[in-house]
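Subject: Structure handover

Hello,

Please find the structure for your files here. My notes come after it.

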Amino acid sequence: MSSEHSEIISRHSLLWLLLANVAILLPLYEKLTPWTMAICGICLLWRLGIFIGKVAKPPRYLVTLLALGSAITLALIINSIGLLNGLINLLVLGYALKYIEMRKRRDVRTVVLVGYFLIALTFINQQSIIYTLILGLVTTINTCVLVSLYHEGNKLKETALMGSKLIIQSLPLAALLFIVLPKLPPLWMVPQNSSATTGLSDQVSFGDIEKLTRSASLAFRAEFDRSPPTNHLLYWRALVMEDYNGKVWTQHKSIKQIEKDVQFTVSGRARPLGNPVNYSVIAEPSYQNWLYGLDVAFSDDSNISNLPDYRLYAKRSVDQQYRYRVQSYLKSPMSPVLDDKVKQINLSLPEASNLKTQAFANQLMQEYPDPLQRLNALMNYFNQGDYFYTLSPPRVGPQQIDDFLFENKAGFCVHYASAFTFIARKTGIPTRLVTGYQGGEWNQQAGYLSVYQYMAHAWAEVWLEGKGWVRFDPTAMIAPQRVLEGFDAIFQPESSYLLDSPFSPLRLREFPLLNKLRLSLASMDYYWSVWVLGFDSNKQQRVLQKLLGGVTKQKMSLFMLIAISLIGLTIAYSAGLLTFRQRGEQHATKYTQICNKLSGKGLERRLDEGPLDYGKRVELAMPSLANEFALFTQYYIALKYQPLTKEGQKKISKLFLRLFKQIKKKL
Amino acid sequence: MVSNRRKPGKLKQWFNQWLNSRLPAATKVTLAHRSVFILPSGFGLLWLTLVLLLFLFGTNYQNNLVIGLSLLLLSVFNTCIIYSYRNLAGMTISSTLSPQAYAGDTLVFPVRLYASQPQYEVLLNYPNNQIKVIKKVTNEASTSLIPFINERRGRVSPGRLKIESRYPLGLCRAWSHVDLDNEHIVYAAPLEANERLSHLDSEQDYVADDQGGHIPGVDEFKGLRQHIPGESLKQVAWKQLAQGRGMLTKEFQQPQGEPQWLSLTDFSPTSLESRLSQLTHSVDRLSEKGQIFGLQLGERTIQPADGEAHRISCLQALALVPAKPETRT
């Protein structure tokens, strides 16, 4: 077989390889351990040295040694970085080491294929439009490496042109296949992507939410089938905290256990009754399992468990954008009948803590024996008292709630909700702390709600006889606008969520025009999430329905046939394989047209008659046409037989066509 | 590189017949859809495996972008089929006259190539022979010499020329087998004569006047002419080459003298081949010295003459002597 002939890798290819190497590894930096990065750096520098001609190729044993060393290191730390990350690092190391000891064309091909795989791995974490564009560029560079193998001695630009041409011309077919190919569910379980969790945490202390208010990143988006509920109803529930140790609120262990077993159990909660609000949520990766929903949320998604505390819980942690359907039954009660055990859990308090608050609770209980009245009085107490809502509350001592309630009188939602829950429990009403998000930014253009991390919120839920769990938000008493109009109505962005992110696009809100631009970009991102990242079999059905109007096998195959042949023809044409009309052919048909018209008038052109002879005959027979036809014949001969420059051709062709029209008119 | 892919006799025969009817021999061939074959290369299959792997990967992680990447790579494969066809289609290949060669030499068959649009890295070779790589074929015709190892004398046809390309990404192998109808007469391998004509090889210039003389000053050449690629290097005018006048071949002045006769019977009854070889050598020596000589080959007689044309007709006659000796002495 005549497979390989010249095995030496040209400098041209080496240059492209250098480019591709940097381009592929840079977007992966988040995933790499310092070790891997160091080895990649060494390999890159070495290769650069080889390229410049300062260093020789490394000896085989050194490469093997490096490979062994890094594999062992990886094996040691694989537990701390997770299986998938471990695999990514392993692949990157293999890539870097193979890269340095490349000798033959075959090695280059291997490196390129692994390069494509690394690009795919980058997509696990990075799915924004910008990243997709960047990685598209990286794919092109990687393809150029292959082109360069056959482009020795060509300019860098030519190779780049060819590589981009190949990719761009391949896009339409790829898009078609993307739309048409069936979207399959996962075929088997794969190691999960682990990363630092973001967003809410499963325990809350006074400082926690405050941190989130410093974050301008997106938590999730929601699109409602009809108009969304008003802002003060947008309580996105995520976590329920039932245990309090005097410092930290945590989930109860029974719920924790249910969460743990969620893979193996069937979702336990029945669908609530009534008219639901239908919407979809696109959750941003949080590397946590809890999802967001308005009360009372219920999801039919098989990957979501409806937990008994009325939360939605994903069976796999959300490690990439995740879109799910939710029905919320706003008027449906939560647990009208409460289990005694649960009641006890929601009444328990740490012993001998916050004694002042306890005394206050006892006093309240005496004044208002009716639970509902008592709760209202408590809410009023917050409203009437000189409490202050702030994102940077003063520090508290070990008796947190006492300090907050009677000393500082300034706090954030967690402070108020904690105090409220504490007092309510003390007075014998089952109460719990709920965290989630409150509000959302409405995007008019695309019609969806964006919820940012800084909208994180905490409130209380009280169990009332016959009503079930009822939401009480003491924060609304201190800062009603926070709930009615949202976070931005109360706080200056600069002092909260923009404090730590100087380049957040949310800064553009101040400038109406730029804000419009920001919202347009956000809409684009939203459509990207919905139509590309979230393109599933449902969407596919809808698109095909719209395209074909009723999907049948025949229609489908006809559509595919037409689309593929069109794409093939376009590529073939742009590759220079199809040339539609020979030069002069167009003129010949025009000329024959005139001849046919003339023959209709008795001036038939004989088969053996050249255009010149025929022209003379016509001129004699039809003097009125003589001048034009003489010129017409001349141009025709010139176009057909004379070697012309492109410009000359164009000029004469124009004159020829003008005459053609004139003669046609006269005839 | 040597092919180890041999088709079994019958199949190969059938294949050759099919090729002959599809791509008949011609001295000038323009490749088109009839003559270009395309199949995925080994790397192409590996590529498709990667596509499948990425698709599974994307499906398992429910990551549409990874699926998109895999589909893009699949689509690139499709695009490459078109481009690999384009890299051969429209290429015009024609054979030109081959330089003289002796049996045992590696023959070179000059092939002229041009294409209306640039085509990259085209590999040319005859079966079981070394590959010639042409980096770029443009619309300006260029000539390449395709080597062909040959041991035989007589009419030698190199067979079908394989034209192959893996451009642009190496995913597909596009190839064609063209028969350029460039049969070539290969002279017998020259063998130094040690019999009656041995004196011809001596450096003395004044031997055997009766055997067809030659005037002194034989080494003055008649002139210089353009060197034909592949021609014996013995006659190259090296001095002129060093002067930067290009590759030139020395042509010798025509001598005068009595004709000398060369004959198959001049030699002791060694094998026919060895006699032919010796005669070939003698013809070359005599021609080099500008002597007039005739050739007697069994029934065929070539009248004494001299000059390059005479030499060629003699050598060709020797080359074409049937392998089996005729029953004549």
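The notes below cover the domains and an annotated segment of chain A, then some strands of chain B.

The model is predicted: local features need pLDDT of at least 70, side-chain atom pairs count only at pLDDT 80 or more, and totals for chains, interfaces and linings use all residues. Residues are numbered from 1 along each chain as its sequence is written, while chains are lettered from A and ligands numbered from 1 in the order in which they are written.

Chain A is assigned domain 1 (11–150), domain 2 (169–183 + 539–580), domain 3 (203–512) and domain 4 (585–666); the bounds come from an automatic or database domain assignment. Between the C-alpha centres of domain 1 and domain 4 of chain A the distance is 66 Å.

An unreviewed UniProt entry annotates residues 405–476 of chain A as "domain: Transglutaminase-like". UniProt positions are given in the numbering used here, feature names are shortened, and annotations may be inferred rather than shown by experiment. That stretch of chain A, residues 405–476, is 28% helix and 44% strand, with its end C-alpha atoms 16 Å apart. Helices (H or I, at least four residues) and strands (E, at least two) are DSSP runs, numbered from the N terminus.

In chain B, strand β10 (residues 172–178) is largely enclosed by the rest of the structure, because six of its seven residues are buried (20 or more other C-beta atoms within 10 Å of the residue's own, with C-beta atoms placed from the backbone). Strands pair if DSSP finds at least two bridges between them. β10(B) pairs antiparallel with strand β2 (residues 37–40) of chain B over four bridges, and B:Pro40 stands opposite B:Cys172. Strand β9 (residues 161–165) of chain B also runs antiparallel to β10(B), joined by five bridges; there B:Lys162 has B:His177 as its bridge partner. Six residues separate β9(B) and β10(B) in a hairpin, and B:Gly170 in the turn has a positive phi of about 80 degrees.

Regards

Conventions: Buried ≥ 20, exposed ≤ 12 C-beta atoms within 10 Å, placed from the backbone.
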